[in-house]
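Reader: I'd like to go through this one slowly, please. Could you put it up so that I can ask as we go?

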Amino acid sequence: MRRYWISIVLSAFIVVGLGTYYVYGAVVDFPEYKILKVSGDVNEGSKISVQGNFSDGGGNQFLIATAEGSDYPSRRSIISQIFSGSRSWMNDQVDIRQMLNDHRSFMRGKGNFTSFYKDEEWIIYADAVLNNSFGVKPEIVLSIDTLNQTSGVVKHYETIVEDPMDYSQIFVEDVQLIGEQIHMFINQRSKGDLNGSAVEYHDYVVDMNNGTLINNARLTFGDNTKDNVELFDRSIMNTIYSASSDHAILIVYDEQKRVNDYMGIIDEHLYSYAYKTGVLTDLSDTMLKAGIDDIGEIRLDGHILTILNYEEDFIKLSRYNIDTEKVTNEDISLSAQQLGAEKIIMGTTKNNKLYILFYKNDIPKVAVLDTTNGAILYTGEVVYEGEASESKWTMNTEGRLYMQIAD
Amino acid sequence: MKMNESWTDVTFNGRDPVYLQVVRHFKEQLATGRLEAGQIIPSRRELGAMLKINPNTAQKAYKEMEEQKLIVTEGNSPSRITLDDNLLRSIRSELISDAVDAFVVSVRKIDVPVEELLDIVKQKYLESNETERQVQEGGDQA
Amino acid sequence: MIEVVDIHKRYRGRSVLNGASFTVEKGQITCLIGINGAGKSTILKAIMGLTPLKSGTIRIDGQPMDKNLYESIAFIPDHLTMPPGMKLSEGLRFMQDFYQSWNANRAEELMKFFSLDQTERIGNLSRGTAAKFNLVLGLAQDTEYVLMDEPFSGIDMFSRGLIAEVFSSHLIEDRGVLLTTHEIGEVEHLIDRALLMKDGAICRDFQCEQIRSEEGKSIVDVMREVYQA
Amino acid sequence: MNRYLKLVHMEVDRFKYILAGLMSLTLICQFGAVIWWTKSAVSNRESGAWNNGGSMAYSLNPSHNGNLSFTEVISNTQFLFMIPILISIGVLAIYVFLIWYRDWFGRNTFIYRLLTLPIARRHIYFAKLTAILLFIFGLVSFQLALIPVEKLIFNLIVPSDMRDPSYISNSIYANPALGMLIPWHFDSFLVYYVIGIIAVLVIFAAILIERSYGRLGILYAILYLGISAFLLLFPMVGLGLDNLNGYLYPNEIFAIELVMCVAVMAVSVWLGCRLISKKITV
């Protein structure tokens, strides 16, 4: 046996070395951060996940803290990084995730989540493809798949729309079903860089029974006549893309013509487009009347516009009803002091809750408010769980902090 | 074994079967008295080693000699030279006659008168003996 | 008995073996004679299963080559087959480890006979010494058969003597020996049987003593007939 | 003792000096790096040079309170740490070929002996494979064992009041090479090294093909390498894994990739064993 010592030692060394590392070392040896309840109902905090960095001198480690504990994405198994990591945007949408589970075969090869529409009876996927292959006259192909959830019947139509201005980009912003008509809200950009490129919004209406194009309405807004002014636009769609909604929101900035860089906004308009009537109304003035002077972070739920504004020292939330053209209830407005915060980092709303992330003496904290009445439902803070000797750690507040709310 | 030195420097020709050449060598040894009647002879393995021939050949040679009654082997005891004097004597005369025959055949071609021939033979033979003796003495002194 | 039946082999487009057939009997020294590149070594390799054949069969005591037969047939190639890094002692150790047929005492005996130094590194051996150690490795196995490739090629004459002595010793006795050579010289009187190779086949196969007594020819004479014809 | 294990030992024995060399190289480079960097950092602080913006290494880190952590040492000595690792990888990669070819070439062709051993020839194949794995994991666990020692050295040099605590596994990640070598997650470890093993198996098969079919063999071998590489890579790049309209779902692509790996692995082993026992020629 003694002749073989070298091999025996080597093997033993390997087993012991790797064994200990992967059985003990790797598993336990990491800083654990948690969101701990300070006041209120624990369940309100369960959806919150705070993202930040942990640093011990070497490069920062991205980490996500929740009520359960902390997760280090960079340390996830390579398999999950490669495979569940790809196309994760699909799974991030709760409605899409549901459809993926229920209708695996229908969802196959459908990856553009703004192209989905879903109600009790129908699931519709309407995509627009630009066919400008060489030698062919450029044309837009509207390809529509419908699934009748009760009968399980799947239909597929393709409708060709000729493309007068040779679009370089085409993007389906929203799909809605009104009666038996499929509305495709599409953003088309002609060739050329951002400024100087022509933008059009179209509402293509297609008959869901035979796929024929009923109407192609181009939305006209702002006026391009003013010289040294350029229009920049952004669109706001229903928070849950696949859900049915009567409106699409467009925000248009009149911006001073760029000489070499940004010259400042002259004016901004907020339009709402009603699918039923096809009418585009400028809400800017009425909203001003309603006391909304700044559209910061804006989201659309059905016919309710939620407008959230925050700075380091205050946060303000307004809810505006597009149909009644009035704010639904008193604004919720809080100062940092009221929150007991040194600095408000961010706020976000979800299902009638306002979530706020802030920190005080280097400890990240979170608060949850009811948007209907402004009541504080929950407050919590991110704490380090570990040996006291190393408790000097907090989540690195110099690095960017961010908050996500699970569905 | 005293006999070795006279054995190790045997050279064979490639044309006659090796085992016959071995037998012949034995006979020469006998005729010149290097081997005596009844003397124990090397085992075939030793022989093979001494003559650098493979054991099968040695075996064959011994078989031949046994058939010619030249050597005898009782049971497991090592082979020894036969004690049969007549046979031994006949070997000697056989060797001599063989040699003389060969000599006669070659000398016939130039027919020399027998007396002259005998003289020459006698003279040469003595000379060769003389030189041989000197060689041996030289060897002994060294 | 080793039976080689109608073996064919092609190498780099030319046919090296071309229907060679012969047998090797136990208790006999059989010599495979042929000019360089006649395919002598190839035959030995083929018997040892070191190179695949195009066609033909090789049987050892009636069965095809398989791992257990390596216990009963030893191969002594024309060069050492042990890593240069090893000491001679380690080399012997290695053989002992893997061959049940290994006979340690005989190995000792042979090492003494060739007066080889156990502590020497295999890489540092001179050609002659290497050849001797090679013989030790092959002959210290208690095998039925021994195959030797050119045991005398490039060996100084003193070593030749020693090696020749091995052939006429009990180490060879009762075994079936097949050796190859391109110069008959040293082995002329050692071998029982000669196989003359030509064009990848055996063109003459005779018992040496027989051809001497019956035709009064030496092996060299026969070779002349074959190779100068 | 089982003959297969004896063969493994023999292969290990033949590589021991190179292995020892690589290990000591790693040790010298990394210890040297740690000592040198830490010492200079400490003296920097004692001389107070660093907080008037002396050495830039620290100013890189925004949240720096003047204390030193072991992780910081690793992240500032990456190059010196990587050199021995890369050299080791290179040497092992070459030896994957040499472990076979050294038995064919040179004055003594050991392969004659190996192939005429009274054992099933696949043992030779697996012995060489096992040896390679022992070398790889031997070096990895050696590296792993070095890190705590290096941390100890760090603690000895730096006075405790100037020390920030740090996590071994985070320190490992401070150097990408170490992170690859010893991933934090065991799944990743498996994935990396199984891929490596598959590569070794494919190369072994290619070598044995070349050894079995002479000059034409070189062509076949390259062909085999190409095909295997294609089969292994195709599912990852060819099936639109991150194309949002890709027809296959990611987990389906994963399944295909898995099947490919198993297939290539199995075929390579089978081919290797078959060639060495039937077709190989010396």
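Reader: Which residue follows H2(B), and what is its phi like?

Author: H2(B) is followed by B:Gly33, and the phi of B:Gly33 is positive, near 75 degrees. Before we go on, this is a predicted model, in which local features need pLDDT of at least 70, side-chain atom pairs count only at pLDDT 80 or more, and totals for chains, interfaces and linings use all residues. Residues are numbered from 1 along each chain as its sequence is written, while chains are lettered from A and ligands numbered from 1 in the order in which they are written.

Reader: And how many residues does helix H2 of chain B have?

Author: Helix H2 of chain B covers residues 18–31, which is 14 residues, and reaches 20 Å from its first C-alpha to its last, close to the 20 Å expected at 1.5 Å a residue. That expected span is 1.5 Å times one less than the number of residues. Helices (H or I, at least four residues) and strands (E, at least two) are DSSP runs, numbered from the N terminus.

Reader: Which residues of H2(B) are buried?

Author: Among them are B:Val18, B:Tyr19, B:Phe26 and B:Leu30. Buried here has a cut-off: 20 or more other C-beta atoms lie within 10 Å of the residue's own, whereas exposed is 12 or fewer and partly exposed is in between, with C-beta atoms placed from the backbone.

Reader: What do those buried residues pack against?

Author: In chain B the buried residues of H2(B) pack against helix H3 (44–51), helix H4 (55–67), strand S2 (80–81) and helix H5 (85–108), and they also pack against helix H6 (208–215) of chain C.

Reader: Changing topic, which chains have the most contacts between them?

Author: Of the 3 pairs of chains that touch, chains A and D have the most contacts, where two residues are in contact if their C-beta atoms, placed from the backbone, lie within 7 Å. By contrast, no contact joins chain A and chain C, whose closest C-alpha atoms lie 11 Å apart, and none joins chain B and chain D, whose closest C-alpha atoms lie 28 Å apart.

Reader: How is chain D divided?

Author: Chain D has domain 1 (1–180) and domain 2 (185–282), with bounds that come from an automatic or database domain assignment. The contact between them takes 14 residues from domain 1 of chain D and 11 residues from domain 2 of chain D. On the domain 1 side, H6(D) gives the most, with 5 residues.

Reader: What is D:Ala131 in contact with?

Author: Leaving aside its neighbours within four places in sequence, D:Ala131 is in contact with D:Val8, D:Glu11, D:Val12, D:Phe15 and D:Ile99.

Reader: Last one: how many bridges join S7(A) and S8(A)?

Author: S7(A) and strand S8 (residues 154–162) of chain A pair in the antiparallel sense over 9 bridges, and two strands count as paired if DSSP finds at least two bridges between them. S7(A) and S8(A) form a hairpin with 5 residues between them, and A:Gly152 in the turn has a positive phi of about 75 degrees. A:Ile144 stands opposite A:Tyr157 in S8(A).
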